[in-house]
Amino acid sequence: MLNKNTGGWILFISLLIAFLLTALPLPHWADDWRPAWVAMVLIYWCMALPERIGIGIAWCMGLLLDVQQGALLGQNALGLALIAYFVIQIHKRFRLFPLVQQSCLVGFIIIFYLLISSWVTGIMGIPPKTWTYWMPAISSMVLWPWLFVILRDIRRQYNVT
Amino acid sequence: MRIVAFILASLIMMTVDHRQGHLERVRSVLTVFVYPLQYVANLPVTVINWVSESLTTRAGLVKENTRLREEQLILSSKVQKFEILEAENERLREMLKSSEKLDERVLIAELLAVDLQPFRHQIVINKGRREGVYEGQPIVDANGVMGQVVHVGPFSSTVLLLTDPIHAIPVRINRNGLRSVAVGTGQSHVLQLEHLPNNVDIKEGDLVVSSGLGSRFPPGYPVGVVYNISRVPGEPFAKVSILPSAQLEKSREVLLVWPKSSPELPSNFESSLDDPNLLDDLDVSARQ
């Protein structure tokens with residue numbers, strides 16, 4: 001059972017959709033509220049399947065995200081790798097948390113992720129100017145329970161291990 | 001301890017990318033994977049446009065047609081005048097032995113409706129290295145300069161808009177040839193002119209055009225219109241805000257420009273000819 005990895009395509013598609021949602025054009029007012037989709041999906045898979053999705057994959061995803069978003073190469077890679085590391089460290093406890101507590105934790109993780117990005121852009125000389133920069137943390141927090149339930153059901157349905 | 005390796009790799013990559021730009025090749029290769037994603041993300045918008053276009057009523061079409069016809073009439077009459085002026089200009093330049101060709105090669109590119117990093121002003125267009133796009137290439141739309149290409153992939157490229165906080169473009173005031181640099185502010189409708197003294201001759205409504213200095217942008221394209229000047233006594237420089245001419249947030253099609261590498265005139269030859277304020281400026285800066 002250990003060597004038998006099933007449902008790789010589910011992982012692939014979920015990450016693909018996360019990337020699509022990140023690039024999807026939103027109306028101006030909603031733009032600031034866009035959740036950090038890729039980070040959220042990564043958090044889920046790192047928690048559910050830490051032996052399959054690790055720091056390496058997170059880092060590669062981050063690199064792709066950098067290219068997609070026109071950011072400095074390595075900016076999101078750094079953030080996502082650290083997220084993956086942190087979530088894998090605590091994945092056993094994380095699984096047992098009630099949904100509300102998970103949401104709060106996800107909110108904090110996303111704040112940490114945004115903080116790293118803001119350091120990097122700050123060093124480049126273009127720090128985020130308004131507090132709206134931090135709103136993805138709130139929207140991610142609010143959407144986490146739904147994402148968690150959807151991904152869990154998909155994982156059980158297709159028996160992703 | 002793999003995490004330490006990855007952190008180090010990220011830090012090194014960021015430094016190299018920021019300082020040297022050796023990583024453009026890596027980025028260009030990775031764009032190949034990202035472009036399909038952006039293409040798909042763009043699809044809903046394309047479909048909506050297509051549907052709304054095919055559902056336009058006949059009356060609407062007729063109305064638009066009439067408007068376009070009128071517009072075309074006005075434009076073609078303007079072009080007639082322009083052609084005469086161009087010929088005259090050419091003749092005069094030949095007399096001055098400094099012929100300068102204004103016709104540049106252009107290519108229409110379409111904008112992909114995808115969102116990039118928040119707080120930066122970048123867009124993705126559907127033309128890349130295959131079509132001969134290069135880094136630093138100027139982008140214009142029907143109304144003025146939009147920005148320049150910063151990353152080139154095989155099929156797509158990323159454009160930095162004028163309003164991005166790290167963008168600057170050399171400009172001059174069309175009315176009197178006063179030169180300056182317009183920098184982005186990060187707000188979507190504001191550029192700012194840098195280092196203009198308080199008593200500078202500038203008025204609201206002045207047209208600002210690209211000066212062509214720095215030989216990245218072709219000269220003479222409109223950049224924006226001055227809409228607010230605040231002169232605070234005690235501050236060394238006036239705060240001049242410009243409204244960009246280009247429809248930075250609305251354009252669907254943009255023009256890629258290949259400027260003719262014309263023999264450059266000595267940089268302030270032209271402006272010193274038609275710039276009565278140049279001497280005043282020098283006086284001012286000497287006095288300060």
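This is a predicted model: local features need pLDDT of at least 70, side-chain atom pairs count only at pLDDT 80 or more; totals for chains, interfaces and linings use all residues.
Residues are numbered from 1 along each chain as its sequence is written, chains are lettered from A in the order in which they are written, and side-chain values use heavy atoms, with hydrogens and water left out.

**View 1. Strands β9, β10 and β11 of chain B.** Strand β10 (residues 222–230) pairs in the antiparallel sense with strand β9 (residues 207–210) over three bridges, and with strand β11 (residues 237–244) over six bridges. Strands are DSSP runs (E, at least two residues), and two of them pair if DSSP finds at least two bridges between them. Leu207(B) stands opposite Val225(B), whereas Asn228(B) stands opposite Ser241(B).

**View 2. The hairpin of β10(B) and β11(B).** Six residues lie between the two strands of this hairpin, in which Gly234(B) takes a positive phi near 105 degrees.

**View 3. Ile13(A) in its helix.** Ile13(A) is found in helix α1 (residues 8–23) of chain A, a helix being a DSSP run (H or I) of at least four residues. Ile13(A) has a relative accessible area of 36% and is therefore partly exposed, a term for values between buried (under 20%) and exposed (over 50%), with a 1.4 Å probe and protein chains only.

**View 4. Where chain A meets chain B.** Here 39 residues of chain A are in contact with 36 residues of chain B, contact meaning heavy atoms within 4.5 Å.
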